[in-house]
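Try each task before reading its solution.

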Amino acid sequence: MTTEGIEAMYLETHNWGKAAKFFQALGYEIDFATDHNSGQLRNGDGPWLFIAEVPESQEPRTQIVFKVPDADKFEADDVVEVVTPFEETHYGTREMTVRDPDGRTWTLSAPGKA
């Protein structure tokens, strides 16, 4: 089994409010906002965008998240280095981290166990 393309973009920011307004100006709508300066936005039926505020002392990161329909059926090809196997998250998914030949890490996300 392979991935099904890009599911989401995960962005860290130093100012949730400014970041959310920036993406709203580009046509995104807020699906939900949390009480700890983060939230999910969507533009049409494309990949969703999750933005989380981090402290000024932390460099903001950007992460592309690839969709996997079933973590139990996914088998990484030999050319894919698995950094961390699928693990349950606190937000209801299972995520795996892999590394490409240039050293970049990527997130694969599957539905959590029912």
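**Exercise 1.** Among contacts between residues at least 6 apart in sequence, what percentage join residues at least 24 apart?

Solution. This is a predicted model. Take the contacts in the chain between residues at least 6 apart in sequence. Of these, 48% join residues at least 24 apart.

**Exercise 2.** List the elements of the chain in order from the N terminus.

Solution. Start with the count: 1 helix and 8 strands. Now walk from the N terminus. The order is β-α-β-β-β-β-β-β-β.

**Exercise 3.** In which sense do strands S2 and S3 pair, parallel or antiparallel?

Solution. Find S2 at residues 29-33 and S3 at residues 38-42. The two strands pair in the antiparallel sense, over 4 bridges. Next, look at the link. S2 and S3 form a hairpin, with 4 residues between them. Asn37 lies in the turn and has a positive phi of about 60°.

**Exercise 4.** What are the box dimensions, the buried share and the accessible surface of the chain?

Solution. Box: the C-alpha atoms fill roughly 40 × 30 × 25 Å along the principal axes. Burial: the chain has 114 residues, and 29% of them are buried. Surface: the accessible area comes to about 7,500 Å². Carbon and sulfur atoms hold 50% of that surface.

**Exercise 5.** How many Å apart are the mean positions of the positive and negative charges?

Solution. Count the charges: 10 positive and 21 negative. Take the mean position of each set.

Note on methods
Residues numbered from 1 in each chain as written. Predicted model: local features only at pLDDT ≥ 70, side-chain atom pairs only at ≥ 80, totals over all residues. Heavy atoms only, no water. Buried < 20%, exposed > 50% of the residue type's maximum accessible area, 1.4 Å probe, protein only. Contact = heavy atoms within 4.5 Å. Areas by Shrake-Rupley, 256 points an atom, 1.4 Å probe, with all protein chains shown as cover. Lys, Arg positive; Asp, Glu negative; His and termini not counted. Charge placed at Lys NZ, Arg CZ, Asp CG, Glu CD. Pairing = 2+ DSSP bridges.
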